[in-house]
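Work through the exercises below with the sequence and the model side by side. Try each task before reading its solution.

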Amino acid sequence: ILEEFARHRGFELGIVTKSNLVVRDLDLLKEVARANKLSVHITITTLDVELARILEPRAPRPDLRLDAVRALAQAGVRVGVRCSPVVPGITDAPKDLESLIRTAAEAGAAYVFANPLFLKPCSAAIFLPFLEQNFPHLAENYRQRYQDRAFLPPAYGKRLSELVARLREKY
């Protein structure tokens, strides 16, 4: 697909990945970016390696993903960090989000964005047992918060958006 985009001009292309292997195609990405608007969004939800292993057991470590951000930025490819989902009580501590955003900026991320976890019933059927097993102290809280809705109350999203906006401005 990238090779096809490299032959065209004027397209807008966004790539979302958790993989640091995106840098294997760095030459092709640079070629695509020369003639098109390209953004690579690398998902990093936490810098804590142990927590990342629990939340994303088959994804590359956060430091490897940050290395990919650095490599893409140094090559002139527009790259940013997607801190989504922000998981209440697990990845939403302001100091952790600040560390993640500061580190992303230091690696050359052009932007950072974050959205809170949403749980549709099909996702909740998988996530709630995962939570019970790995974060049992949060399970009842989640059952109550997501019982009749897929999204947290707007106030949570607003607080998160304001925090991320302040941190983006700071870094």
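## Exercise 1: The aromatic cluster

Ring pairs link Phe127, Phe130, Phe135, Tyr142 and Tyr146 into a cluster. Rings of Phe, Tyr and Trp (its six-membered ring) pair if their centres lie within 6.5 Å; planes under 30 degrees apart count as stacked, over 60 as edge-to-face and the rest as tilted.

The model is predicted: local features need pLDDT of at least 70, side-chain atom pairs count only at pLDDT 80 or more, and totals for chains, interfaces and linings use all residues. Residues are numbered from 1 along each chain as its sequence is written, and side-chain values use heavy atoms, with hydrogens and water left out.

**Task.** Classify the pair Phe127 and Tyr142, then the pair Tyr142 and Tyr146.

**Solution.** 

Step 1. Start with the total: a search of the whole structure gives six aromatic pairs.

Step 2. Phe127 and Tyr142 are 5.8 Å apart, centre to centre, with 45 degrees between the planes, and the pair is tilted.

Step 3. Phe127 sits in helix 6 (residues 121–134) and Tyr142 in helix 7 (residues 136–145), so their pair ties together parts 15 residues apart in sequence. Helices (H or I, at least four residues) and strands (E, at least two) are DSSP runs, numbered from the N terminus.

Step 4. Tyr142 and Tyr146 are stacked, at 5.7 Å centre to centre and 25 degrees between the planes.

Step 5. Check burial. Buried means under 20% relative accessible area, exposed over 50%, partly exposed in between (1.4 Å probe, protein chains only). Phe127 and Tyr142 are both buried. Tyr142 counts as buried because its relative accessibility is 1%. Tyr146 is buried too, because its value is 7%.

## Exercise 2: Core and loops

**Task.** Which residues have the most contacts inside the largest nonpolar core? Is Thr45 buried or exposed? Is Gly76 buried or exposed?

**Solution.** 

Step 1. A nonpolar core is a set of buried Ala, Val, Leu, Ile, Met, Phe, Trp, Tyr and Cys residues joined through side-chain atoms within 4.5 Å. The largest one has 46 residues, and Val40, Ile42, Leu72, Val81, Ile90, Leu131 and Tyr142 have the most contacts inside it.

Step 2. Take Val40. Contact means heavy atoms within 4.5 Å. Leaving out residues up to four places away in sequence, Val40 touches Ile15, Val22, Leu72, Val77, Arg78, Val79, Gly80 and Tyr111.

Step 3. Turn to Thr45, in the loop between strand 2 and helix 3 (49–55). Thr45 is buried because its relative accessible area is 8%. Beyond its neighbours within four places in sequence, Thr45 contacts Glu56, Ser84, Pro85, Thr91 and Leu100.

Step 4. Gly76 lies in the loop between helix 4 (62–74) and strand 3. Gly76 is exposed because its relative accessibility is 60%.

## Exercise 3: Cysteines

**Task.** How many disulfides does the count give?

**Solution.** 

Step 1. Apply the rule: a disulfide is a pair of cysteine sulfur atoms within 2.5 Å. The count comes to zero.

Step 2. Cys83 is buried at 1% relative accessibility, whereas Cys122 is exposed at 56%.
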